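Have a look at the structure, then skim the points below.

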Amino acid sequence: MSSQASHPKPSVLGTKAAPSSSFIRKLLKYRYYYALLLPGLIYFIVFKYIPMGGVIIAFKDYKLTQGVIGSPWVGLKWFRILWSTGDFWNALYNTLLISFYKLIFGFPAPIALAILLNEVIHRRFKRIIQSILYFPHFLSWIVLGGILFAILSPGTGLISWLGFSSSPLMQPQSFRSLLVVSHIWKEVGWGTVIYLAAIAGINPEMYEAARMDGANRFRLISHVTLPAISGTIVIMLILRTGQILSAGFDQVFILSNDVVLHVADILDTYVYRVGLSLGRFSIATAAGLFQSLAGLLLLLFTNWLARLFSDQGLW
């Protein structure tokens with residue numbers, strides 16, 4: 001009895017409090033590192049999470065004079081109107097088609113370019129080429145749009161020197177191709193940064209072992225480089241698929257015009273036109289909410305598909 005009294009068992013309360021006290025100690029120990037996360041956390045809270053409260057406008061007959069809270073509820077009225085509108089389905093079709101073209105032709109481009117840059121031996125030449133390729137990414141679409149207008153103007157642009165009588169900006173059959181090409185031109189260089197970092201992390205002994213087995217450069221790329229960065233490729237593909245319903249508002253808004261509107265109008269420009277230009281805030285919010293939810297479902301589906309293929313050893 002005395003031995004039991006001298007060595008009491010620890011209380012349940014004490015065992016439960018240990019993890020929280022350990023967390024507090026770690027939080028205080030690394031408080032300066034956590035403080036570095038505050039600006040990003042505040043940004044997402046203020047500009048991403050708080051505005052989510054405005055989605056209730058999609059379920060209300062929103063009036064500026066009544067405000068968000070005072071406007072009456074109408075349920076799914078705006079969604080039914082939205083889905084019965086031909087302009088919405090045309091914008092959805094254009095969004096999917098343009099995003100599909102950008103995914104098919106634009107997604108492999110930085111991978112191929114990163115592999116080619118990795119094969120360049122001369123470091124100074126490689127840095128010059130990288131700087132040239134990175135530069136368009138830091139220009140806004142307003143600047144790039146002005147450059148494209150200057151080049152493709154039928155009267156004074158470079159296209160008139162080549163013998164073309166009309167600009168691709170005014171031709172519906174070639175406007176989508178122009179969007180894809182200009183998007184690749186702007187983003188392909190910057191997209192190589194992640195893949196070059198992934199390639200730099202490959203163990204050089206893998207290349208040496210492959211060379212000892214008689215592998216040439218093409219074999220090294222197909223049997224060493226691509227399998228080693230396949231995880232990065234899958235992650236970037238998942239992230240890109242989540243943005244498939246966002247075909248690039250800035251680019252389309254700057255380059256499009258009334259002549260090509262039926263092939264250039266996407267969901268983002270549709271929401272802008274209906275919401276801000278026409279003042280129909282509720283139906284514009286309904287279109288934006290539909291776009292976000294559909295993108296989330298595509299993201300989850302692509303993530304599930306990637307895990308399925310990974311578990312089966314397909315990559």
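Searching this predicted model from end to end turns up 17 aromatic pairs.

**Aromatic pairs**
- Phe 88 and Trp 89 pair edge-to-face, with 5.3 Å between centres and 70° between the planes.
- Phe 88 is buried at 0% relative accessible area, whereas Trp 89 is partly exposed at 42%.
- Phe 100 and Tyr 101 make a tilted pair, 6.4 Å centre to centre with the planes at 50°.
- Both partners count as partly exposed: Phe 100 has 43% relative accessibility, and Tyr 101 has 31%.

**Cluster and charge**
- Phe 88 and Trp 89 also belong to one aromatic cluster, along with Phe 59, Phe 79, Trp 83, Tyr 270 and Phe 290.
- Lys 77 puts its charged end over the ring of Trp 78, 4.7 Å from the ring centre.

**Nonpolar cores**
- The largest nonpolar core holds 39 residues, and Leu 82, Ile 199 and Tyr 270 have the most contacts inside it.
- Elements giving two or more residues to this core include α6 (77-83), α7 (86-106), α12 (172-200), α18 (267-277) and α19 (281-311).
- Setting aside neighbours within four places in sequence, Leu 82 touches Phe 88, Tyr 270, Ile 283, Ala 286 and Ala 287.
- There's also a second, separate core of 14 residues, with Leu 152, Leu 255, Val 263 and Ile 266 among them.

Definitions and conventions: Residues numbered from 1 in each chain as written. Predicted model: local features only at pLDDT ≥ 70, side-chain atom pairs only at ≥ 80, totals over all residues. Heavy atoms only, no water. Phe/Tyr/Trp six-rings, centres within 6.5 Å; stacked < 30°, edge-to-face > 60°. Buried < 20%, exposed > 50% of the residue type's maximum accessible area, 1.4 Å probe, protein only. Lys NZ or Arg CZ within 6 Å of the ring centre and 35° of its normal. Core = buried A, V, L, I, M, F, W, Y, C linked by side-chain atoms within 4.5 Å. Helix = DSSP H or I, 4+ residues; strand = E, 2+ residues; numbered from the N terminus. Contact = heavy atoms within 4.5 Å.
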